[in-house]
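Visitor: I have a structure open and I am new to this. Can we go through how to read its features, step by step?

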Amino acid sequence: MTSRIERPLSPHLQVYRWTLTMAMSVLHRATGAALYAGTILMAWGLLAAAAGPTGFATFKAFIGSWFGLLVLFGYTWALVYHLLSGIRHLIWDLGYGFGAQERFALSRLAAIGSVVLTLAIWVVGFAVGGVR
Amino acid sequence: MSKASGHMRTDLGKVRFRGAAGSGTAHFWQQRVTAVGIGLLAIPVLVIIVMLLGRNHAATVQILGAPLVAILMALFVIASAWHMKLGMQVIIEDYVHNEKLKLAAILANQFFSFAVGVVSLYAILKLTSGV
């Protein structure tokens, strides 16, 4: 039997200095997983509307509570972030945006854009929904 | 023959079982197709949700039951359920290394994603025919 040859191994994630693209990659996966769980809310909402006024009232009471609003706000951001970050990935899939500057600009645009768009959606949401 | 590339496998052999996953690039491609679909549906769905804010039950049913709204919501639900099944499968395959546990997780993911999709579609169809 030959003894085991000690070949150099590729370093794993934790040895690298954190970069924006790296953090966003982790966040893309994390928001994806959060949205996965959040689809229960979508299914519940649709089912509640289809069930009738009583079921719908229960759903509205949850969504309208401070906890429900917090979850919904987090869900909005996760959705917008995953969408913008995903568009960034599609641009990369087409072979564009790999330059050092472009890569950073795309990532910053998606990160800042997700916060701005989320706030805009909630401002519009309250402006429209508040009057009814 | 692919002798020139220096590999033992022939070109046919490489294609026949389509790589380690056994399904070639199907997973990758479906992930992108559903992503583009969701991207296109994002604005219409957002408009629908804003339209629903603050509405009572009767008005909500009327909006969700409208043909165009129901069709857009159904497309969104199908694309989302499919997209999330694919995405969660990648996460499972990356982190769950125990074969039996991995199989169980992949099955659970498949069932959950389909259940969310079917429940949502059932509700949409019920809403179009009046509650």
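Visitor: Let's begin with charges. Which residue forms a salt bridge with Glu99(B)?

Guide: Start with the general idea. Side chains of opposite charge can pair when their charged atoms come close. Now the case here, in a model that is predicted. Glu99(B) pairs with Lys102(B), and their closest N and O atoms are 3.4 Å apart.

Visitor: Where do Glu99(B) and Lys102(B) sit along the helix?

Guide: Both belong to helix H5 of chain B, residues 99-128. They are 3 residues apart, so about one helical turn separates them.

Visitor: Is Glu99(B) buried or exposed? And what about Lys102(B)?

Guide: Under 20% is buried, and over 50% is exposed. Glu99(B) has 56%, so it is exposed. Lys102(B) has 19%, so it counts as buried.

Visitor: How many salt bridges are there over all chains?

Guide: The count comes to 3. Across the interface of chain A and chain B there are 2.

Visitor: How do I read the interface as a whole?

Guide: The size of an interface is often given as the accessible area lost when the parts come together. Between chain A and chain B, about 2700 Å² is buried. Carbon and sulfur atoms give 73% of that area.

Visitor: How many residues does each chain bring to the contact?

Guide: Chain A brings 27 and chain B brings 39. There are 7 residue pairs in polar contact between the chains, counting pairs with both residues at pLDDT 80 or more. On the chain A side, helices H1, H2, H3 and H4 each supply at least two residues. H1(A) gives the largest share, 13 residues.

Visitor: What is the overall build of chain A?

Guide: Chain A has 4 helices and 0 strands. Its radius of gyration is 21 Å, well over the 14 Å that the globule rule gives for 132 residues, so chain A is more spread out than a compact globule. Its C-alpha atoms fill a box of roughly 75 × 45 × 25 Å along the principal axes. Of its residues, 31% count as buried.

Visitor: Now a single residue. Is Thr34(B) buried or exposed?

Guide: Read the percentage, then look at the neighbours. Thr34(B) is buried, at 5% relative accessible area. Thr34(B) is in helix H2 of chain B, residues 26-52. A polar atom of its side chain lies 2.8 Å from the backbone oxygen of Gln30(B). For the backbone oxygen of Gln31(B), the distance is 3.0 Å.

Visitor: Which residues touch Thr34(B) from beyond four places in sequence?

Guide: Thr34(B) is in contact with Ala79(B), Trp82(B), His83(B) and Leu86(B).

How values were computed:
Residues numbered from 1 in each chain as written. Chains lettered and ligands numbered in written order. Predicted model: local features only at pLDDT ≥ 70, side-chain atom pairs only at ≥ 80, totals over all residues. Heavy atoms only, no water. Rg over C-alpha atoms; globule rule 2.2 N^0.38 Å. Buried < 20%, exposed > 50% of the residue type's maximum accessible area, 1.4 Å probe, protein only. Contact = heavy atoms within 4.5 Å. Buried area = accessible area lost by both parts, 1.4 Å probe. Salt bridge = Lys/Arg side-chain N within 4 Å of Asp/Glu carboxyl O. Polar contact = N/O pair within 3.5 Å; in protein donor to acceptor, adjacent residues only side chain to side chain.
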